[in-house]
Amino acid sequence: MIDYGAKKGQPSWFLAFQLTGSVFPHCFYIVFPISVLALVLKILHIEAVFGEGKKDFVTGFYFLVDGAPWSGFSGFVSFVIVFRLSAAYSTYWSAYTTANAFLGDWSGSAASAVSFCRGSKQPEEQVEVFLHKVIRLYSMLSACALQELSPRKSHQVWGLLTLNSGGIDEKSLAMLDGSNQRVDLCYHWIQQVIVDAQNDSIFGVPPPMVSRTLAELSSGMGKFGDAKKHATTQFNFPYAQTCKWLLILYSILMPFMMVRWSDWASGAFIFTFVQLFFIWTLEAITIILENPFDTSDPNCIDVFQLQLSMNGSLLLLLNPRIRAGPPQLSESAITGNIDGDFEALQKRDTVHKAILKKEGWQLTDENELVHGDVVQHVGHCCSSQRLPKEIARSANYCCTRYGIIDDQKTAAIAIGVFGDDLIIAVPPTARKLKSSALIRVASVTGRNTKVGVKKISIQDRHKLHKEHDWLPADFEKFPFEYQDLPAAVYKAGSWIMGLDVSTVRRQEELAVEKRIMEAKRADSQGFGIDQLNTLQTFEDFKLKLMTEAKLTEEEATLEWNRRLHLPNEYDRDTDPQGRLMIELRMDAFKERLQEVKKREQTQAKKLEDARKAIAAAVEKGEIEPMEKAIQVAEVETTMSDEELVAAKTRLESWREADGQLLEAISVRKTAVIRNALTAAEEAGLKNQNCDAALTLYRQLIVEAAQAQLQEALQVGEIENLEQAIEKAEKDMAGISEKGVKEAREQLGSWRKLEEEITAACESKVLSELKKGVDAAASIGFRSREVALAKQLLAEQCATDLEELESAMKLGSPKKLHSVLQDLAEKNELAAEDLKRGQECLKAQQSGYKALEDAMASPQIDSLKQALRAAEEAKLQGPLREEAEKKLQEMEQNSELEQALQEADRIEAQPTVELPGEANT
């Protein structure tokens, strides 16, 4: 039957659109044409193709004025369909109940037969023969019963899966194969085997107890009869025929009714489709329920699953661990203290928790797990679950184990119990496993790599084993040993809680499922005698692989030996000559071979690409491409540790050189930068920092050379400038010639000027000396010749200056003017001295004129002012003396005049008589 419960990640309404097992498609093909007919009729009626109003008896159905008859007819059809559906539903559940009931009785009977053999006094070999025989017969009994219930032809011809029915003798198998009463025959065989076992004293219990086994066997036969009744007895034919005709008439009349009762064409289509669609779905569901064992429909009882469940129950009975005996109490359970033992008995616990405690599972705090680091919970788009603060870990299980996860053989490491699930790590090559994720971890050698993470059921840990008998090429294994794997998984984030739970199965379960899938494929594709040719002898096996798969004889032999060690995965048998035959399906083998080759080619391509990427990064000389190439190489490929160590060593040298470059750039010293560039060149680094350091180095070299040239130019010495130019050319060779050309031109002008000054010193021509000294001063040239020229000029200038000073002190403008004219003609005296003389001359001339004007003026103040200006200008001569005499005279006259004026003022004042003076 279909499990239509809500799946993880699916909304609850998702089943409304599920097509597998749905009757909607079948009913749609029936109802849609009828609904289209209703649409067409309504359009014809609207367009009045067959007349207007009540004349239109074709599409209007105006003879049906009252809707009561049609409502009654619709109700009658619905009642008939629903009544049949109710009966079919009752039949379905009764069939399912009785099928499980007779299988349960037979399973109980088999369990009793096996249990009664405990304590048998007969040899163990004889007991084993009985047990394996009776278990095979019980499996054959249930298979034959379910085969008889199923109407499928493939079941009738090929039967259902049994527990190694090939172990039964050929005569008995031939009898069972040709019988029409297989269930009764198996039932009788089992009765005979049990009675013989009782007679041979194989059972270790009294005979009355053995009768219970036969009673349960007989009860199962009775319930099988009830199930057979439901499988073979069909619903009453007249009723079924009536239902079919009612549906046909209802479907034919419905379009005309909708034309009469709808106003719009879309209404006729919609209401016709809705009513007929669900009526026909009820009819289809009824047909399915009336055939409960028809496995062609996924909604029916799955006889494959029933037989599989029966085989599983029978296998459990012969499991050596089950037959070893019932559970035993541990030594600590009974202490001899009645009260204490009773108190211990009252402790509440579950089976699952109890075994977890005994296996040593203990809680681990997150801080202990991640060594006190801050845990970063990374969200996931599909999960809102939070990472638990504590997880359970066990030293016994948290190690490398092996199992079949999602139908793929792989190694696994249990990380711990997170919440209600067990988180495991799987090899990164098992990425194709569904519902897994990759996280980054470090190997014990320090290599960064990846590992897969999956979630499985806690109970599935029992299917992971420490030992295995697989060949290396048959399973996925861890390429490295990892360090702090639990911490890495825990730090990966809470999204691991959102992973789907993966299935872990044993090889026996896969083998059974394989046979079930073959049988189901036979149901859909047909199953002929040619399907039995999958078993091949050794010679045929090799020949087929060599001719069809293009394998060598050695490779074909290795494949034979590989399958020889996997009895649960590949069928085997012996041919009539007693030679061993092993299963070989060429399609599956070619697919697996192609997958292995594709995987090897992918890994080889990844490795080659990684090597090319590393080589390109070395050629490019940049750190980031090298880091990415190494990361891809160590995580995605199987590159050897030697190659990775060499690449990492180069990368480390690059990082060190890059650090030196950054430090040198910040220091801005040419020596430090030169050493850093040398180290980078030796390491092969060619990144932007190299370019920046080289640019800065050249800039600093140019700046230093420019500074030396400027310093030499400021010093003004030819030898110093020559040395600076030579050093600058050497330092800036191949970098720049900035400033060198100008310095050379300046050096040439200095040499030329030096020659001119030397000639002037030899000739002692003062004009030439002064010209050379002035030119040297203008361009900042300094030399011994310039100093000599300056000395000669200084000597001559001292004499001229003395004459000028005498003329200035003399205070005679004429004399000073004459001396200045002579000195100007000589052009030997310094310009500032001449300027000073000219200023003095100008002042004396101004003072002389002021004296002349003051002498002509009767004002004493103007004369005083003119004398002060003459004194400041150091003017001497007769005119100044005359002016001084005149000033004295004018001052004397001024004083006399003032005295006379004062006397006149006193005389002019009136006489004032004091009181009493007249009387006196």
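In this predicted model, a salt bridge joins the side chains of Lys-455 and Asp-421, with an N to O distance of 3.7 Å. The pair links distant parts of the chain, since Lys-455 lies in strand S7 and Asp-421 in strand S5 (residues 421–426), 34 residues apart. Both partners fall under the 20% limit for burial, as Lys-455 has a relative accessible area of 3% and Asp-421 one of 17%.

Strand S7 (residues 448–457) also contributes Lys-454, whose side chain meets that of Asp-406 in a salt bridge of 3.0 Å, N to O. This pair likewise links distant parts of the chain, with Asp-406 placed in the loop between strand S3 (400–405) and strand S4 (408–418), 48 residues from Lys-454. Asp-406 counts as buried at 13% relative accessibility, and Lys-454 is buried with a relative accessible area of 0%.

A further salt bridge is formed by Asp-460 and Lys-463, their closest N and O atoms being 3.8 Å apart; Asp-460 is buried at 13% relative accessibility, and Lys-463 is buried at 16%. In the whole structure, 19 salt bridges are found.

On the surface, a nonpolar patch is formed by Phe-24, Ile-270, Phe-271, Val-274 and Phe-278, which together have about 460 Å² of accessible area. Helix H9 (residues 265–289) supplies the largest share, four residues, whereas Phe-24, which belongs to helix H1 (residues 24–46), is partly exposed at a relative accessible area of 35%. The axes of H1 and H9 come within 8 Å and cross at roughly 155 degrees, so that H1 is roughly antiparallel to H9; the crossing of H1 and H9 is right-handed.

Definitions and conventions
Residues numbered from 1 in each chain as written. Predicted model: local features only at pLDDT ≥ 70, side-chain atom pairs only at ≥ 80, totals over all residues. Heavy atoms only, no water. Patch = residues over 30% accessible without salt bridge, like charges linked within 9 Å, V, L, I, M, F, W, Y side chains within 5 Å. Areas by Shrake-Rupley, 256 points an atom, 1.4 Å probe, with all protein chains shown as cover. Salt bridge = Lys/Arg side-chain N within 4 Å of Asp/Glu carboxyl O. Helix = DSSP H or I, 4+ residues; strand = E, 2+ residues; numbered from the N terminus. Buried < 20%, exposed > 50% of the residue type's maximum accessible area, 1.4 Å probe, protein only. Axes fitted to C-alpha atoms, helices over the stretch in contact; angles between N-to-C directions. Parallel < 35°, antiparallel > 145°, perpendicular 65-115°, else oblique. Left-handed = near helix turned anticlockwise from the far one by under 90°.
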